[in-house]
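Please keep the sequence and the structure in view while reading.

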Amino acid sequence: VFSFALILGAMVVFNIGVARKYGVAPPLRTMAAIFAASVAACYLIQDMPRDSFTRMLIYQTPFAFMQAVAAWVVWKAGTRDVFDKGLMALLAVSSVQFLSKPFLSAAFGGTGASAQDYLSTTYALFSQSMGTVFAMAIALMMLVILVRGILAEATQKSETDTLSSLLNRGGFERQAELAVRGAERSGVPIAVAICDLDHFKAINDNYGHAAGDRVIQAFGAFLSETTSSHHIVGRIGGEEFAVLLPGSNLVAARLFAEGARAAFAGLPIDGVPADSRVTASFGVAELTP
């Protein structure tokens, strides 16, 4: 009973960890109720014959349920990544394999009359091997997902400009290169807009560097709100910014730049007097063969 409770409890903790990783609220009350009822049921079935189908089903169903809960958590997170889908599939199949054990026991000659006899049965060999394979596969898949997340977070931090919250020059150039290659392969237009804050040195000299920082922050936030999710926006210099516009030709890029220029010129910025507006100059170009 203790061994049963220890394994089932570990699966509960695993489910809580998976839920935290994917930002899903775990069904704690349901799992706690199933855990308590299952441990009690495990105690009550100890006097039943070891080869009893009912005993096997009662013993294995809680494990199947806990693996199904983990699969449900990944599914509820709405993931589309191949690794996440692979983990969800592994958990679902693992749940089924727990439910299949009573049937496999009957097919392979039972579990033996005692715990010592169990170790020499064909069912034990098959059951333990199958369980080990699934446990290792799930563990390795989780490891891949966690390492991938750590690397993605590190890459994002290394490519993000802390002041403007946009891509830094390295991040912009890397993503822009990929976008340009994609546009060349698919034959769609792609344009770039370069933005430069006007007389930025004078802003620092007249109102202080803190005001200059707020101008950078405000312009970064403005570009983020003005652009779409498929646009690539970065701060490529002190007061220089760039916006890559996949799917836009020169005319569309000019309309974007003119609209952004006019809108930002009327934007009040904290730290800069209301009668002194900050402006930016824009230049546009379209990729040509």
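Predicted model: local features only at pLDDT ≥ 70, side-chain atom pairs only at ≥ 80, totals over all residues.

The side chains of Lys201 and Asp205 form a salt bridge, with a distance of 2.9 Å from N to O. Both residues belong to helix H8, which covers residues 200-207; because they are 4 residues apart there, about one helical turn separates them.

Side chains of opposite charge can pair when their charged atoms come close. The model contains 10 salt bridges. One of them joins Asp81 to Arg148, whose closest N and O atoms are 2.6 Å apart. This pair links distant parts of the chain, 67 residues apart: Asp81 is in the loop between helix H3 (53-76) and helix H4 (82-107), whereas Arg148 is in helix H6. Asp81 has 28% relative accessibility and so counts as partly exposed; Arg148, at 26%, is also partly exposed.

How far apart are the closest N and O atoms in the salt bridge of Asp161 with Arg235? The distance is 3.2 Å. Here too the pair links distant parts of the chain: Asp161 lies in the loop between H6 and helix H7 (169-186), while Arg235 lies in strand E2 (residues 232-235), 74 residues apart. Both Asp161 and Arg235 are buried.

## Aromatic pairs

The whole structure holds 10 aromatic pairs. Among them is the tilted pair of Phe63 and Phe98, with 5.5 Å from centre to centre and 40° between the planes. Phe63 is in helix H3 and Phe98 in helix H4, so their pairing ties together parts that are 35 residues apart in sequence. Phe63 and Phe98 are both buried.

The rings of Phe219 and Phe241 form an edge-to-face pair, because their planes stand at 75° and the cut-off for this class is over 60 degrees; their centres are 4.8 Å apart. Phe219 belongs to helix H9 (residues 209-226) and Phe241 to strand E3 (residues 240-246), so that the pair links distant parts of the chain, 22 residues apart. Phe219 and Phe241 are both buried. Ring pairs also join these two residues with Phe222, Phe264 and Phe282 in a cluster.

## A nonpolar patch on the surface

Met136, Leu140, Leu143, Val147 and Leu151 make up a nonpolar surface patch of about 480 Å². Is Leu151, one of these residues, buried or exposed? Leu151 counts as exposed because its relative accessibility is 53%. Leu151 is located in helix H6, which spans residues 122-158.

The accessible surface of the protein chain is about 16,000 Å², and carbon and sulfur atoms account for 63% of this area.

## The chain as a whole

The protein chain has 10 helices and 4 strands. Their order from the N terminus is α-α-α-α-α-α-α-β-α-α-β-β-α-β. Of the 289 residues, 36% count as buried.

The radius of gyration of the protein chain is 30 Å, whereas a compact globule of 289 residues would have one near 19 Å. Along the principal axes, the C-alpha atoms fill a box of roughly 90 × 45 × 25 Å. Among contacts with a separation of 6 or more, 69% are between residues 24 or more positions apart.

Terms used. Residues numbered from 1 in each chain as written. Heavy atoms only, no water. Patch = residues over 30% accessible without salt bridge, like charges linked within 9 Å, V, L, I, M, F, W, Y side chains within 5 Å. Areas by Shrake-Rupley, 256 points an atom, 1.4 Å probe, with all protein chains shown as cover. Salt bridge = Lys/Arg side-chain N within 4 Å of Asp/Glu carboxyl O. Helix = DSSP H or I, 4+ residues; strand = E, 2+ residues; numbered from the N terminus. Buried < 20%, exposed > 50% of the residue type's maximum accessible area, 1.4 Å probe, protein only. Rg over C-alpha atoms; globule rule 2.2 N^0.38 Å. Contact = heavy atoms within 4.5 Å. Phe/Tyr/Trp six-rings, centres within 6.5 Å; stacked < 30°, edge-to-face > 60°.
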